[in-house]
Amino acid sequence: MSLHFRFLDAALAPADAGRVLGGALLGAPAVAVDWPEQAIFAPLPGSTAATLREAWLVESDCIAGRDDGIVWRRHGDLLYGVLTLDEADFAGTAVPPLQAATDTAYRRIFGLLDACGLPHLWRVWNYLADINGETHGLERYRQFNIGRQEAYAACRRDAADGSAPAACAIGLAGGPLSIAFLAAAQPAQAIENPRQVSAYHYPADYGPRSPTFSRGALARTDGRELLFVSGTASIVGHRTVHAGDAAEQTREAMRNIAVVIDEANRLAARPFALPAADYRVYLRHAADYAAVRAALADTPGIAEAAVFVQADICRSDLLVEIEALAAHVRVDD
Ligand code: 3EB
């Protein structure tokens, strides 16, 4: 089966709606769709559209279902799902509600994937409210990391064994914990960045439990090769660099993405290139839009291929985070 990423506009033929595996809605609320759709309500700096809809398309109709609150669609060996949990439903437990909600969410996701025989996560998109806020004596992103890691351990998954998915973890102004994921029967190959300490080996200064994601994931479908580049920031080693300077953070993040692409190209059937990817650029401050866009212009084609989203990044000294998706037809078939 093949898998195509597309921006949807009003032009999606109704007959094609069954071929949407899932997707995301960025910007403002819009008419509901049938497929699993992750809502990312946030301003879109530089965009004239109030809403942007992204979708993963497969070549024929999907099977749809809902289990444990997870809305999913499946096509052959691929599954896309979205789970949203309201933290208020986890109040009154011994641990912070966000931690409990995250733990529950990941256990449910792993349970569904194991039951479907599609155990391999390729890409996970995590959104939560007030990511840098502190409650229960701990920053909320760190609470999220504890819950995620506990679920990994409970489900006997090991982030450091090369199976951690590409991911992002982003803060929105409000809303539930929202997790979307793409999973498959076959594993993706985890890609790390030699300029950065693997996130699952971050020292304890960044929280009692480390994040569980890889810097990238190289996946293969029948017809295509896909490279998911995780949310990438101005981090070298494990430290934030260029604090306070959005333009330099952008350049550093792009250097990191270039290295992740280089690493993936050691394994890919044919090389991916920076300008050939789709980018989502998270800006902590909309006021940095012009500076960030100008910094992206160092490499032609990237700013044009980018969607800008105003959102919070998981470290309070980070102003920019950039994720990318590259895909090409396989030539080794
Ligand atoms: C970093 O490199 C920046 O917790 O899933 C990027 C991508 C980041 C994913 C996650 C966090 C996550 O640590 C933050």
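Residues are numbered from 1 along each chain as its sequence is written, and side-chain values use heavy atoms, with hydrogens and water left out. Because the model is predicted, local features need pLDDT of at least 70 and side-chain atom pairs count only at pLDDT 80 or more, whereas totals for chains, interfaces and linings use all residues.

Helices (H or I, at least four residues) and strands (E, at least two) are DSSP runs numbered from the N terminus. The axes of helix α1 (residues 97-116) and helix α2 (residues 140-154) come within 7 Å and cross at roughly 35°, where axes are lines fitted to C-alpha atoms, for helices over the stretch in contact, and angles run from 0 to 180 degrees between N-to-C directions. This crossing of α1 and α2 is right-handed, a term that applies if the near helix is turned clockwise from the far one by less than a right angle. To the contact (heavy atoms within 4.5 Å), α1 contributes L98, Q99, T102, D103, Y106, R107 and F110, and α2 contributes R140, Q143, F144, I146, G147, R148, E150, A151, Y152 and A154. These residues divide into eight nonpolar, four polar and five charged; Ala, Val, Leu, Ile, Met, Phe, Trp, Tyr, Cys and Pro count as nonpolar, Asp, Glu, Lys and Arg as charged, and the others, Gly among them, as polar.

The ligand is surrounded by 13 residues, of which Y141, R148, Y202, R215 and C314 are the closest, a residue being included if one of its heavy atoms lies within 4 Å. Taken alone, the ligand exposes 360 Å², and the protein buries 99% of that, with accessible areas from the Shrake-Rupley method with a 1.4 Å probe. Two or more residues of the shell come from each of α2 and β11 (166-172), and the largest share, three residues, comes from β11. By class, the shell has nine nonpolar, one polar and three charged residues.

In the second pair, the axes of helix α3 (residues 246-265) and helix α4 (residues 289-296) come within 8 Å and cross at roughly 35°, and the crossing is right-handed. The contact is made by A246, A247, T250, R251 and M254 of α3 together with A291, V292, A295 and L296 of α4, and comprises seven nonpolar, one polar and one charged residues.
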